[in-house]
Amino acid sequence: MELRKQDYHMERPLLNQEHLEELGHWGSAPRTRQWRTWLQCSRARAHALLLQRLPILVWLPRYPVRDWLLGDLLSGLSVAIMQLPQGEPPSVLGLETLSSMMRKTGAMACLAYALLAGLPPVFGLYSSFYPVFIYFLFGTSRHISVGTFAVMSVMVGSVTESLAPQALNDSTINETARDAARVQVASTLSVLVGLFQVGLGLVHFGFVVTYLSEPLVRGYTTAAAVQVFVSQLKYVFELHLSSHSGPLSLIYTVLEVCWKLPDSKVGTMVTAAVAGVALVLVKLLNDKLQQQLPMPIPGELLTLIGATSISYGMDLKHRFKVAVVGNIPTGLVSPVAPNTQLFSKLMGSAFTIALVGFAIAISLGKIFALRHGYRVDSNQELVALGLSNLIGGIFRCFPVSCSMSRSLVQESTGGNSQVAGAVSSLFILLIIVKLGELFHDLPKAVLAAIVIVNLKGMLRQLSDICSLWKANRADLLIWLVTFIATILLNLDLGLVAAVIFSLLLVVVRTQRPLYSILGQVPDTDIYRDVADYSEVSWTVWMGRRRKNGPLQAKEVPGVKVFRSSATVYFANAEFYSDALKQRCGVDVDLLISQKKKLLKKQEQLKLKQLQKEKKLQKQAGPLLAATSSKDTSVSINVNTSLEDMRSNNVEDCKAMVSPGDKMEDATASGQEDSKAPDVSTLKALGLPQPDFHSLILDLSALSFVDTVCLKSLKNIFRDFREIEVEVYMAACHSE
């Protein structure tokens, strides 16, 4: 039954804080010290800790084989093929260096990410095998693909080139010794990055992810998608570009691509366009036949197989000068210990790479988790990434993170769990050991086309600009600043700038919260902002404002109720006081200063009167003394007997007075003193009085209180009592 006003009635007695605590049997809740639970040891706690640190024991026994296995197999194969060599060697490498690499590894082409890191290409394959399998055991995200990533490779390359530089002026440089030194630097850096990430995860540093809001994450990943898109352009047009890093590197790359577009090869462009169109058609067919198909058509895998077959049959490499993957080096390397002497030189770079790698992985992990309805443990993600880099570094891998392009492929091809990652790592192992030669004729432009097509979902996030403009413009500002900073400053500095800006925006928004004077809605005990509930309220209906009728929140006569929408602390305590005085409609500071001036004038007048009286007394004192001495000398003998008689009568009268009469006299004199006007009041001083006698501060929004807030509240109490207004606090929290 629908409730009407007369169907219920609420009434309670008026309580102060002491009565409320007595009525509710208030007592401070016992505090639980979490560090004590950390030191406890039991079988149940050990089992829970094992499941927390080894998530595979939780989800693998519940793995739905029928529903997920086929999709994970196809997704793992697609991602594994995406790990194959792609990209041309950077132009900074000379012919002698390239020939040395080809002699050592047998690679006619190389892994772009390994070369970006300044390493021989085979180490890119190692970095795509060991870390992926380790993350399969310890990771909590079901969809991200761990492995080499362009931005991480560029950051590693800047370190390896600084510690083992390329001697451009020395034509007899020993490339083998230089590459060995760079491999040692990169593997030691990976171990150090892993130690940082594991340590931060164990101390629960994953809370930093709470400062990555959804607009920040979406703006960051959109900018990263733009960077990945730009990085693939040189493969689509088959251009030889310079290596750029640092701020504005993306702008320089785009300008160089535009400058060298006339040098692009038509055969490579046609190959990329055909592969991209075919993949888009397959995806559209998947969307249209989603209900009829038992599983999505593996477009990426079919595109790679078809492209390899066509390239081999038509001999695209020689007839149309289309770059292909080439030979894949085979074999594994034995593990080596890191060079601890390099730790001091790599400490700063390792910490930065550890944070950037975690930010990239957790950003994508949060997006996929929100999309598929599960949670990602940020602390365990740190531990999983750290172990992947730590163990990978022992096997001569360079630092890795989550790859955006491969993660999108893994999700879009039907991947549902990290079983796809395990399949991918095993397939990479087969490629390293034996099967690499089968993909010798795979065009690299096809891989670039697959990456670009799978960026469609991330690039669609550009539509967030329109939705955030309508929903929340502060979030839009965070999105835009994050996107622009990441584009201009690169992913590492862009992330730092975005987090700093979002935190500063939070501080600014708490500095300027919503302040309101509350009034009572008629016939209710509900209090609302009198500015919102004015005499006539308006609503928006069908895009037009419509007049509803009278609905007014009225202030209680003589009482002001003030509320802030944010907590009061050092950053906004002054704004709180100023807003309170402004909303009350009384210039408190001016009134207090006028009162003090008038009281000071009164004191000065009294002081002048007292000084005049003392001066007059001093001037009249000698004259009175002279006249009184003459009179007493003349009549002292005459009036002696008369004075004796009078003194006796006075003593008799005093003896006849009762104690009750004395009390009545004292009471009368006290009443006369109390009836004396108080000259310090506003009315007595002739100053305007406030139209309210009580001020109530609604402190329900206060989540914590600092010393600045306490001092501000004390000043408010003092100032308003100076203008004869009593201040009360309501809805205070116990702690």
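Helices (H or I, at least four residues) and strands (E, at least two) are DSSP runs, numbered from the N terminus. With that in hand, let's start at strand 2 (residues 401-403), where we find Ser403. This is a predicted model, so local features need pLDDT of at least 70 and side-chain atom pairs count only at pLDDT 80 or more, while totals for chains, interfaces and linings use all residues. Residues are numbered from 1 along each chain as its sequence is written, and side-chain values use heavy atoms, with hydrogens and water left out.

Is Ser403 buried or exposed? Ser403 counts as buried because its relative accessible area is 1%; buried means under 20%, exposed over 50% and partly exposed in between (1.4 Å probe, protein chains only). Leaving aside neighbours within four places in sequence, Ser403 is in contact (heavy atoms within 4.5 Å) with Ser145, Thr148, Phe149 and Leu364.

Phe149 turns up again in the largest nonpolar core, which has 107 residues; Ile144, Phe149, Leu189 and Met404 have the most contacts inside it. Helix 17 (residues 343-372) gives the most to this core, with 15 residues. Such a core is a set of buried Ala, Val, Leu, Ile, Met, Phe, Trp, Tyr and Cys residues joined through side-chain atoms within 4.5 Å. Take Leu189: setting aside its neighbours within four places in sequence, its contacts include Leu346, Ser349 and Ile353. A second, separate core of 29 residues includes Tyr515, Leu591, Phe692 and Leu697.

Now for Leu489, which sits in helix 24. Leu489 is partly exposed, since its relative accessible area is 30%.
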